[in-house]
Amino acid sequence: LNVPIEVVYSKEDYDRALQKFSKYDLIFVDTAGRNYREKPYLNELKHFISTPTVATETFLVLSLTAKASDIQHIYQQFRPLQINQVIFTKIDETDTYGAILSLIVKNKLKLAYLTNGQNVPEDLLEPKPSELAKLLLRRYSDA
């Protein structure tokens with residue numbers, strides 16, 4: 001993406017990075033993937049990203065190759081982090097898309113993006129209602 005990057009390992013590093021990039025309109029923070037079942041990690045993450053002086057949006061990135069029940073459980077674990085929107089990855093690696101609708105409807109979430117490959121930003125898709133409907137109904141139209 002050709003943008004500046006800063007690696008952070010602590011709350012102090014995070015605060016310094018926010019200060020360093022404060023002149024920018026947007027600052028993206030990609031947290032390290034860890035086991036969502038580890039409560040200490042979730043508590044650390046909540047403390048880490050809670051900065052009341054900065055307006056934030058929190059996106060939860062979920063893989064569509066996971067089972068729908070696991071996706072719902074992952075969301076419930078991260079829910080205390082004030083998830084604003086969801087990004088579903090790997091739509092090119094599955095034929096099952098119902099988890100998208102299940103999660104966003106059940107939890108009243110906004111679907112921000114879908115991804116269908118490894119190349120960013122080329123494989124980052126903005127979900128249009130008509131395209132999402134085609135994706136969700138593809139299995140039935142192929143029968």
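# Buried sides and paired strands

User: Which residues in H2 are buried?

Analyst: In H2, they are Tyr-41, Leu-42, Leu-45, Phe-48 and Ile-49. Buried means under 20% relative accessible area, exposed over 50%, and partly exposed in between (1.4 Å probe, protein chains only). Helices (H or I, at least four residues) and strands (E, at least two) are DSSP runs, numbered from the N terminus.

This is a predicted model: local features need pLDDT of at least 70, side-chain atom pairs count only at pLDDT 80 or more, and totals for chains, interfaces and linings use all residues. Residues are numbered from 1 along each chain as its sequence is written, and side-chain values use heavy atoms, with hydrogens and water left out.

User: Which exposed residues does the face of H2 turned away from its buried side carry?

Analyst: That face carries Pro-40, Asn-43 and His-47. On the buried side, the cover includes H1 and H3.

User: Why does Thr-89 count as buried?

Analyst: Thr-89 has 16% relative accessibility, and the limit is under 20%, so Thr-89 counts as buried. Thr-89 is found in strand S2. Leaving aside neighbours within four places in sequence, Thr-89 is in contact (heavy atoms within 4.5 Å) with Val-61, Leu-62, Ser-63, Leu-64 and Thr-115.

User: Which residues of the largest nonpolar core touch the most other members?

Analyst: Of its 30 residues, these are Leu-62, Leu-64, Phe-78, Phe-88, Ile-100, Leu-103 and Leu-114. A nonpolar core is a set of buried Ala, Val, Leu, Ile, Met, Phe, Trp, Tyr and Cys residues joined through side-chain atoms within 4.5 Å. The largest share of this core, five residues, comes from H2.

User: How many bridges do S2 and S3 pair over?

Analyst: S2 and S3 pair over four bridges, in the parallel sense. Two strands pair if DSSP finds at least two bridges between them. Val-86 stands opposite Leu-111 in S3.

User: In what order do the four strands form the open sheet, and what makes S1 and S4 its edges?

Analyst: The order is S1-S2-S3-S4, with mixed pairing. S1 and strand S4 (124–125) each have a single partner strand, so one side of each is left without a neighbour in the sheet.
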